[in-house]
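Biologist: I have a model open and would like to learn how to read its features. Could you walk me through them?

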Amino acid sequence: MIDGKEYIDRIDALQNEVWIDGEKCVEKLSSLAPFKGILKNKASLYDYQCDPANHKLFRYSLTDGVGEYGFSYHQPQSIEDLTNRRKATQEWARMNAGLMGRSPDYMNTLLMALGSAAPHFSQARKEFGDNIRRLYEKARDQDLSITHTFINPQVNRSSESYFEDSNDSAARVVEEKEEGIVIQGARLLATQGGLTDELLVLPAGHSDDSYVFGFMIPSNTSGLKFLCRESFSYGNSVFDHPLASQFEEIDSIVVFDRVLVPWEFVFIYKSLQPVVSLEAETGMYTFLQFQSVARQVVKLEYILGLCETLSDAIQIQEYEHVKMKMSEIITTLEIMKALLLSSEVTSKPNRYGTYVPNSGPLRAAIQYFPGVYPRLIEIIQFLGASGLISIPSEKDFNSDIKDDLSKYLQGANIDAKERVRLFRLAWDLGMSAFGSRQTQFERFFFGDPVRLATVHYNSYLTQPYVNLVKDFLNRKAD
């Protein structure tokens, strides 16, 4: 396991090609304003896992007692292992209010699911199974951080063009060499792109086999570029931007400019067979859902605590409409907790000995949460009302107008500066550019909600319930 300093030093040393605001980053990423907040807070997660007080939950050794590895790379082989994984994920999430969508355990979990099912990838070519196992073990042994990109650029989303291969902007294999495959084109949407050790790429839905590939490469591979959007961290003040200054995860377009991917990094190529059965064999998406729902539960805990604190600061708890809104948050929290726990206690081992959570409750959770999350943000806006607009800055409280602010912006039981600090927290989650991105992020976390609903319905076994109704109708009267 690495600590925070090792993580930051390693990212700085990679010198990944990262672009932002029209300029190529030439200084250490950890020193640049758009990145230093998230890198610092991500480093704190690594420090936390290395604290001896947390070793029982955050580390594991192999069955022969060899090594000491981070929890997210552990192949769960019992319900207890899954419980420990969930608890560790949630401890990390509480350090960032559940706002870090790409904490290290997210992609580490995915790679664990793939690596533990290595024989599945050997169906196409034996070496592909060896490759994914080796990539997993390398990441585990070095405690690597990983981001991913699964989406093609949105050039034309009409139904007629979906299966056409005319979108030459999408990353594809343009040449096959003795050393490996050459990739040209772009992919979306790498969160923390350029801020991790490695990049993992999976197929993104094309019929042409030049688009069918899966590999993992270092982020500083020649020809690999990360084109970042505008940063939503507009200042260093934790008072003014309590969330954005610390947890802004830059999203990026990944450009492959004739990137050579050595064969030893490839685990899917041309054959659709391992792709079609990827989830059934590895539980990959189910594990990602398990990690995400665990994080979202923590986020809900913070939203509930924030709204209760807001209500107390201006003494509005007595109103029934406030109690109704608070009850909505509580109900959402309890539903998500129940679905998460249900998936955990009804988990089963797959053919590779990996205990995979029950996907049924998790699919319900990822259908439910994106729909209700914007409503919870709306509740924050309603409870905060004009208080989310009357939010002077830290500099204002250190200026000649501080006495006026202290007099006119105080709360029922807190002084003006503490009240504004609280309301700026609510504003940063509910109204700022950072908060708006969080809402959009949760809406589309696992893809288009309509498509997800269709998949959920198509995969759900409704026949047993149809049989209940038919049996009831056919029951003979006594």
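Modeller: Gladly, starting with accessibility: with a 1.4 Å probe and protein chains only, a residue is buried under 20% relative accessible area, exposed over 50% and partly exposed in between. By that scale E328, at 25%, counts as partly exposed. This is a predicted model, in which local features need pLDDT of at least 70 and side-chain atom pairs count only at pLDDT 80 or more, while totals for chains, interfaces and linings use all residues. Residues are numbered from 1 along each chain as its sequence is written, and side-chain values use heavy atoms, leaving out hydrogens and water.

Biologist: Which residue forms a salt bridge with E328?

Modeller: A salt bridge is a side-chain nitrogen of Lys or Arg within 4 Å of a carboxyl oxygen of Asp or Glu. The partner of E328 is R375, with the closest N and O atoms 2.7 Å apart. This pair links distant parts of the chain, 47 residues apart: R375 sits in helix α13 (residues 359-384) and E328 in helix α12 (residues 320-345). Helices (H or I, at least four residues) and strands (E, at least two) are DSSP runs numbered from the N terminus. Elsewhere, salt bridges that share partners join R229, E248, D251 and R437 into one network.

Biologist: Is E281, the salt-bridge partner of R351, buried or exposed?

Modeller: E281 counts as buried because its relative accessibility is 17%, whereas R351, at 66%, counts as exposed. Their closest N and O atoms are 3.3 Å apart.

Biologist: How do I read a sheet, and what is the strand order here?

Modeller: Strands of a sheet pair through backbone hydrogen bonds, either parallel or antiparallel. Two strands count as paired if DSSP finds at least two bridges between them. Here six strands make an open sheet in the order β2-β1-β10-β11-β7-β6, with mixed pairing. The edge strands, β2 (23-24) and β6 (172-176), each pair on one side only. Four bridges join β6 to the antiparallel β7 (residues 180-191), and E175 stands opposite V182 in β7.
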